[in-house]
Amino acid sequence: DRQRAAKVTSQCWLKCVHGLTVVTSGGRATIVVIGLLQGLALGVKNEALLLLSVSTRTMIFALNVLAVMLIARLCGLETLRRMKLLAAALLAVGGVMQGLATLEHLRSSPRSDSLLGCTLAVLALFLDALR
């Protein structure tokens with residue numbers, strides 16, 4: 001019984017490996033990875049939209065420029081010079097100021113945003129940046 005299960009498992013594994021080699025031949029792997037990232041990002045974004053208000057989602061996705069710059073730097077595609085760092089700092093300061101205004105607004109009204117929604121929005125932001 002165990003030997004038969006091991007044989008079926010190994011056959012399944014061989015079929016998966018063969019399918020993977022077919023997909024990766026001819027540069028198709030890049031397209032598959034980009035498609036997977038885009039699909040994941042769209043799904044995560046849609047879930048975040050259900051859990052966040054429009055203003056919170058807009059504030060989080062306004063950080064897209066910083067996420068792309070960070071990912072590009074980590075991949076060695078872009079250098080961060082003084083002007084880019086200054087622009088990023090100004091964007092971050094603007095976001096902090098907007099966040100403080102939002103905190104004051106939230107104190108006077110009930111909360112409608114969830115931590116899970118914010119986490120999903122940030123995840124979607126970085127999935128989009130990885131594409």
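## A tour of salt bridges, core and pocket

The structure holds three salt bridges, a salt bridge being a side-chain nitrogen of Lys or Arg within 4 Å of a carboxyl oxygen of Asp or Glu. Before you click on them, note that this is a predicted model, in which local features need pLDDT of at least 70 and side-chain atom pairs count only at pLDDT 80 or more, while totals for chains, interfaces and linings use all residues. Residues are numbered from 1 along each chain as its sequence is written, and side-chain values use heavy atoms, with hydrogens and water left out.

**Stop 1: the salt bridges**

Select D128 and K45 to begin. They form a salt bridge whose closest N and O atoms are 2.7 Å apart. The pair links distant parts of the chain, with D128 in helix α6 (residues 115-130) and K45 in helix α2 (residues 28-51), 83 residues apart. Helices here are DSSP runs (H or I, at least four residues), numbered from the N terminus, as are strands (E, at least two).

Is D128 buried or exposed? At 17% relative accessibility, D128 counts as buried, whereas K45, at 23%, counts as partly exposed. The cut-offs are under 20% relative accessible area for buried, over 50% for exposed and in between for partly exposed (1.4 Å probe, protein chains only).

Together, K45, D128 and R131 are linked in a network of salt bridges.

Next, pick E78 and K84, another salt-bridged pair, with the closest N and O atoms 2.9 Å apart. E78 is partly exposed at 23%, and K84 is partly exposed at 31%.

**Stop 2: the nonpolar core**

Which residues have the most contacts inside the largest nonpolar core? Select V44, A48, L52, F61, A121 and L127, which hold that place in a core of 15 residues. Helices α2, α3 (54-61), α4 (64-74) and α6 each supply at least two residues of this core, and the largest share, six residues, comes from α6. A nonpolar core is a set of buried Ala, Val, Leu, Ile, Met, Phe, Trp, Tyr and Cys residues joined through side-chain atoms within 4.5 Å.

Keep L127 in view and show what surrounds it. Leaving aside its neighbours within four places in sequence, L127 is in contact with L37, L40, A41 and V44, where contact means heavy atoms within 4.5 Å.

**Stop 3: T56 and the cysteines**

T56 lies in helix α3 and, at 10% relative accessibility, counts as buried. Beyond its neighbours within four places in sequence, T56 is in contact with D113 and C118.

From C118, turn to C75. C118 counts as partly exposed at 24%, while C75 is exposed at 53%. How many disulfides are there? The count comes to zero, using the rule of a pair of cysteine sulfur atoms within 2.5 Å.

**Stop 4: a pocket**

To finish, select M59, I60, A62, L63, L91, G94, G95, V96 and Q98, which line the second largest pocket. Helices α3 and α5 (82-108) are the elements that give two or more residues to its lining, and the largest share, five residues, comes from α5. A pocket is found on a 1 Å grid over the protein atoms alone, as an open set of points where a 1.4 Å probe fits, with protein on both sides within 12 Å along at least five of seven lines; lining residues have an atom within 4 Å of a point.
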